[in-house]
Amino acid sequence: MTEKVKVTNLTKIFGKQIPQAKKLLSEGKDKKEILAQTGCTVGVNQANFTINEGELFVIMGLSGSGKSTIIRMINRLINSTDGDVEIDGQKVMQLSKEELRKLRQDKIGMVFQNFALFPHLTVLQNAEYGLALKKVDSSTQEKKAKEALDLVGLNGYDQQYPDQLSGGMQQRVGLARALANDAEILLMDEAFSALDPLYRKEMQDLLLQIQEKMHKTIIFIGHDLNEALKLGDRILIMRDGNIEQIGEPEEILTHPANDYVERFIEGVDRTRVLTASSVMTKAHVINIAKAGPRVALRRMRDNDISSIYVVDNENKFVGFADAHDVSDLIKQGSKDLRSVLKTDVPKTLADTPINDLINDISKTPIPYIVVDEEDHLQGIILRGAVLAAISGEEVNA
Amino acid sequence: MGSIGALPLADWVNSGVDWLSQFTGFFNSITAFFQAIIDAIQWVFDLLPEWLFIIVILAFTYWIKRDQKKLGFMIFEALGLLLIWNLGFWRDMTQTLTLVLSSSLIAIVIGIPLGIWMAKSSKAEVVIKPILDFMQTLPAFVYLIPAVAFFGIGMVPGVLASVIFAMPPTVRMTNLGIRQVPEDLIEAADSFGSTSWQKLIGLQLPMAKNTIMSGVNQTMMLGLSMVVIASMIGALGLGTQVYFAVGRNDAGAGFAAGIAVVIVAIILDRITQSFNKTSH
Ligand SMILES: Nc1ncnc2c1ncn2[C@@H]1O[C@H](COP(=O)(O)OP(=O)(O)O)[C@@H](O)[C@H]1O
Ligand SMILES: [Mg+2]
């Protein structure tokens, strides 16, 4: 993985008495105290993280937690008080005015909460905006802008003006404007927050669809956790300018770093995020190449279970054996488990969302087995585990 | 106050004016420059026969108000201009137009850049704002005297006096219009890497267009309100007719010339207003 954006010790303090505020900050005083003593607002405090190329990185937090401030320091719409942002190794805060404009023109596209479309320009002209700034010739401008509008599902609206479109469609234009000049990095500040739920879902799906094709590096700000969990490859959670946790969606749900994050994720719709692998438990397994009926039966007795999973040398699933059948087999004097193995077991891939499984899991009496792409057995899903995961209890792996 | 003595403000101004008078050559060339503009506009008006002028105005109105209601106004224009022609004020009317248009043109050429500068620099705003107030509130007669001293008698000092009095709205409204462009649009333009020139031409001026046009409209109306005063220093036109009628104590003639001024005012007002009604 290539590092695309690297944020180091990034700090922003708003106000006049920056030195005092900085000193208090280094003494570990919090945002409220610093505001009371100096009148300065801590926007972001010592943020450190890296975003990889092709990653959809979501920044979450309540209003005022510093999300917009961080994203605006990435393209330096706001200068940092301390620390720097590196984009492809280039230190953003050190760039000259000219270099900064070049960086913004060539690499970064931004999408805004209230769309920020230019009302005096047509949809097509809006989409062409970035290219026009770069003085690309007009036929290329039109071609690329139309491609971008196509991509967001807006062909045929070229000559309309933004105020003739619905909010959802306006934001499609906003997205097309950012995509048209081939930006490698998309900055999306609450891009979908102003939309109705239905439009919002549509736009989320659209973004995922586009991302699958284009593999941009996307920094997406939101305050809806479900949205973050749906979109994010990784999620950063902020509070009062501080980073509370960075991790993959499942990691955040299953291992919240602290009480704050735990409270933050309360009430979230887990079924959409949790996958089979996060709710599965370890299966009791024997290797058919090494063990016969007697070993199998002893293992079941030792562990107080009534059936056991059987794999081959490569840990590929072969079947499962019932304790009754195995003891019958022993009475008959057979040494080969194969004759009693059951193979009609419900099976699922490790990265299947439990949302897709939940109905079937509640209907089948025997546990699902979880395998990877090569059919290697990963674990099994017990019904209770699913319910526990949805209700937010820790899943014991 | 008496114990301190009056400040010799008048003396200071007089010596300033005296000092400036040594640059006669400079003022003469300015006069010649403005006279050329005025002559060019007047030349066009004199070229057109009355009927053709009326048709041109009607056609222009038709075009500028192409997506608005216009019939009633066009009838008013035709009748109003015919009345002026009939009353024998035609040439005075064109001279008044020349005065208003050339002073507005100068006010726009100076005022819009000044307004832009104010919008871009808060320091400039702090300095320019009181100067604008000063220009608008200082009684016109006060600067008519030095205007005559530097630019002689005639259209030029009249135009310049009108510029001083009429320019502030254009400057103010340009400043206001640009400052009113929403912050998020500015941010969007910045985020895509536009230069400040690209921002100005591609975003701020187009977005401020309507506000600026209403400033220009006010400038024209104020310019028109100066015609009588300007006539006192030799600017020809309807103002001269009013001024003479007042001198002869001839209420009827004064009223007739006054009506002609009102007709011109309404036509100019409606036409410039329709500039800012065109959508997008
Ligand atoms: N220009 C500014 N001047 C002063 N304080 C600001 C400014 N911009 C943001 N802040 C403060 O910084 C903090 C973080 O703001 P912001 O990044 O906009 O939060 P978020 O986007 O997460 O809602 C808030 O407390 C806000 O009041
Ligand atoms: Mg914000």
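Biologist: Which class of accessibility, buried, partly exposed or exposed, does Lys146(A) count in?

Modeller: This is a predicted model, in which local features need pLDDT of at least 70 and side-chain atom pairs count only at pLDDT 80 or more, while totals for chains, interfaces and linings use all residues. Residues are numbered from 1 along each chain as its sequence is written, chains are lettered from A and ligands numbered from 1 in the order in which they are written, and side-chain values use heavy atoms, with hydrogens and water left out. Buried means under 20% relative accessible area and exposed over 50%, with partly exposed in between (1.4 Å probe, protein chains only). Because the relative accessibility of Lys146(A) is 33%, Lys146(A) counts as partly exposed.

Biologist: With which residue does Lys146(A) form a salt bridge?

Modeller: A salt bridge here is a side-chain nitrogen of Lys or Arg within 4 Å of a carboxyl oxygen of Asp or Glu, and for the pair of Lys146(A) the closest N and O atoms are 3.6 Å apart. Lys146(A) lies in helix 6 of chain A and its partner in the loop between helix 6 and helix 7, so the pair ties together parts that are twelve residues apart in sequence; helices (H or I, at least four residues) and strands (E, at least two) are DSSP runs, numbered from the N terminus. The partner is buried, with a relative accessible area of 13%, and it is Asp158(A).

Biologist: About how many helical turns separate Lys102(A) and Asp106(A)?

Modeller: The side chains of these two residues meet in a salt bridge with an N to O distance of 2.8 Å, and Asp106(A) is partly exposed at 27% relative accessibility. Because Lys102(A) and Asp106(A) are four residues apart in helix 4 of chain A, their separation is about one helical turn.

Biologist: How many residues apart in sequence are the parts that the pair of Asp46(B) and Arg91(B) ties together?

Modeller: The side chains of Asp46(B) and Arg91(B) meet in a salt bridge, N to O, at 2.7 Å. Both ends are partly exposed, Asp46(B) with a relative accessible area of 40% and Arg91(B) with 43%. Asp46(B) belongs to helix 2 of chain B and Arg91(B) to helix 5 (residues 90-120), so the pair joins parts whose separation in sequence is 45 residues.

Biologist: Which residue of chain A meets Glu187(B) in a salt bridge?

Modeller: Side chains of opposite charge can pair when their charged atoms come close. Across the interface of chain A and chain B the rule finds one salt bridge. In the pair that involves Glu187(B), the N to O distance is 2.6 Å, and the partner is Arg72(A).

Biologist: About what area do chain A and chain B bury between them?

Modeller: Contact, meaning heavy atoms within 4.5 Å, takes 25 residues from chain A and 17 residues from chain B. His120(A), Tyr129(A) and Leu133(A) supply 28% of the area that chain A buries against chain B, more than any other three residues. Buried area is the accessible area (1.4 Å probe) that two parts lose on being put together, summed over both. With 65% of it on carbon and sulfur atoms, the area comes to about 1800 Å².

Biologist: In which loop of chain A is the place of Lys135(A)?

Modeller: Phi of Lys135(A) is near 60 degrees, a positive value in a residue other than glycine. At 67% relative accessibility, Lys135(A) counts as exposed. Its place in chain A is in the loop between helix 5 and helix 6 (138-151).

Biologist: What share of residues 93-272 of chain B is helix?

Modeller: UniProt, in an unreviewed entry, annotates this span as "domain: ABC transmembrane type-1", with positions given in the numbering used here, feature names shortened, and annotations that may be inferred rather than shown by experiment. Chain B as a whole has 14 helices and zero strands. The end C-alpha atoms of residues 93-272 lie 18 Å apart, and the span is 0% strand, with a helix share of 87%.

Biologist: What distance separates the C-alpha atoms of Leu47(B) and Val246(B)?

Modeller: Leu47(B) lies in helix 2 (residues 24-47) of chain B, and Leu47(B) is exposed, with a relative accessible area of 54%. Along the chain Leu47(B) and Val246(B) are 199 residues apart, and the separation of their C-alpha atoms is 31 Å.
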